[in-house]
There are 2 protein chains.
Amino acid sequence: MYYKENTCDEAAGVTDGQCANLLAAVGDALYAIGGKWTLRVIIALAHGHNRFNELQRTIPGISARVLSSELKGLELNGFVRRLVRAEATPVVVEYSLTEYSNTLAGVVRSLSEWGATHQQKVRE
Amino acid sequence: MYYKENTCDEAAGVTDGQCANLLAAVGDALYAIGGKWTLRVIIALAHGHNRFNELQRTIPGISARVLSSELKGLELNGFVRRLVRAEATPVVVEYSLTEYSNTLAGVVRSLSEWGATHQQKVRE
DNA sequence: ATTAGTGGTAAACAAGAGGTTAGTAGTAAC
DNA sequence: GTTACTACTAACCTCTTGTTTACCACTAAT
C-alpha cells in the first residue's frame with residue numbers, strides 16, 4: 001500500500017522518510033517521462049511506427065517541431081535509437097526503442113489502466 | 001511504392017487499434033495527474049500531512065500559490081476533501097484523500113519504482 | 001511590542017513548453 | 001508542370017505553469 005493509514009506520532013518519523021523517498025522517486029520519473037508527448041512517442045514506437053511522418057500521423061495532435069525535439073531528447077536519454085538508411089532514395093530515417101525503454105512497460109501499463117477507468121468515471 | 005508499405009501486414013491493423021487505445025488512455029491519465037505537483041501533493045496527503053503549511057513543508061519547492069491551486073483542482077476532480085474545523089482557534093483546514101484517490105496506488109507504485117531505478121542509472 | 005504561526009490571495013513577472021507557419025532539397029507519381 | 005512525399009528546421013508567438021513578494025485577519029508565545 002502506498003499510503004499509511006495512521007497519523008499517530010510514532011509513525012510520523014518512519015513514514016516521513018518513506019514519503020520523502022517516494023516524492024523524490026516520483027519526481028525523477030515525472031521529470032524524465034512526465035511531458036505531454038514523451039510516453040506517447042514511446043508507445044507509438046513500441047507499436048512498430050518507426051518513421052518520422054508515420055509517428056506524426058500515429059500520434060494525434062503532435063507537431064513536427066515537437067516530435068523532432070521529443071525524439072532528440074529520447075535519443076539523448078537512451079530510450080531511442082536513430083538509424084539513417086542512406087541506401088534508400090530518398091534517405092530514410094528509422095527510430096526504434098532501446099532495451100532500456102522496456103523498463104517502462106510497467107509504468108505504461110498501470111498508467112493506461114488507470115487512465116481508461118478514470119476516463120469512464122469522468123463521463124458520469 | 002518505393003518503400004515498404006507495412007512492417008507486418010497482419011499486425012498493423014490489429015495493433016493500431018491497441019496503439020490508439022493506449023495513446024488515449026495514457027493521454028487521459030497524464031492530463032489528470034501528469035502535472036509537476038499533482039502526484040506529489042497526493043503522496044504527501046497519503047502520508048498523513050493534511051494541513052496547508054504542513055504540505056508546503058513536506059513537498060520541497062512548492063509555493064503557496066501553486067499548492068493552493070493544486071488543492072483546488074484535486075478537490076474539483078474528486079481526489080481530495082477539504083474540511084474546515086471552525087471550532088479550533090485559529091480556524092484549521094484539513095485536507096484528506098478520498099477513496100477514489102486510492103485507485104492511484106498502482107500508478108504511484110510503478111512510477112516510484114521506475115523513478116528510483118532510473119535515477120540510479122542516470123548517475124552512471 | 002515583536003515574532004511566529006494559522007491558511008491562504010493578489011499582482012507582477014519569468015520561463016519554458018508547445019503551437020503555427022513557412023521553407024529546405026531531392027524524387028516520384030499524375 | 002504540379003502535386004505530394006521524404007525528414008526535418010527556423011522563426012515567431014502564445015499560453016500555461018510557476019516564482020516572488022507582499023499582504024490579509026487573527027492568535028499565541030516571548
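Of the 20 residues around DNA strand D, those that come nearest are Arg51(A), Asn53(A), Val93(A), Lys36(B) and Ser63(B), where a residue counts as near a molecule or strand if its C-beta atom, placed from the backbone, lies within 6 Å of it. This is a predicted model, in which local features need pLDDT of at least 70 and side-chain atom pairs count only at pLDDT 80 or more, while totals for chains, interfaces and linings use all residues. Residues are numbered from 1 along each chain as its sequence is written, and chains are lettered from A and ligands numbered from 1 in the order in which they are written.

- Two or more residues of the surface near DNA strand D come from each of α3 (52-58), α4 and β2 (92-97) of chain A and from α4 of chain B; helices (H or I, at least four residues) and strands (E, at least two) are DSSP runs, numbered from the N terminus.
- The surface near DNA strand D is made up of 10 nonpolar, 6 polar and 4 charged residues, with Ala, Val, Leu, Ile, Met, Phe, Trp, Tyr, Cys and Pro counted as nonpolar, Asp, Glu, Lys and Arg as charged, and the others, Gly among them, as polar.
- Around DNA strand C there are 21 residues, of which Lys36(A), Ser63(A), Arg51(B), Ser68(B) and Val93(B) come nearest.
- For the surface near DNA strand C, the elements that give two or more residues are α4 (64-76) of chain A and, from chain B, α3 (52-58), α4 (64-76) and β2 (92-97).

**The contact between the chains**

- Chain A and chain B each bring 41 residues to their contact, two residues being in contact if their C-beta atoms, placed from the backbone, lie within 7 Å.
- On the side of chain A that touches chain B, two or more residues are given by each of α1 (9-33), α2 (38-46) and α5 (105-122).
- Because 88% of the interface residues of chain A are also interface residues in chain B, the copies meet through the same surface.

**How the copies are related**

**Helix α2 of chain A**

- In α2(A), 7 of the 9 residues are buried, so this helix is largely enclosed by the rest of the structure; a residue is buried if 20 or more other C-beta atoms lie within 10 Å of its own, exposed if 12 or fewer, and partly exposed in between, with C-beta atoms placed from the backbone.
- Just after α2(A), Gly48(A) takes a positive phi of about 85 degrees.
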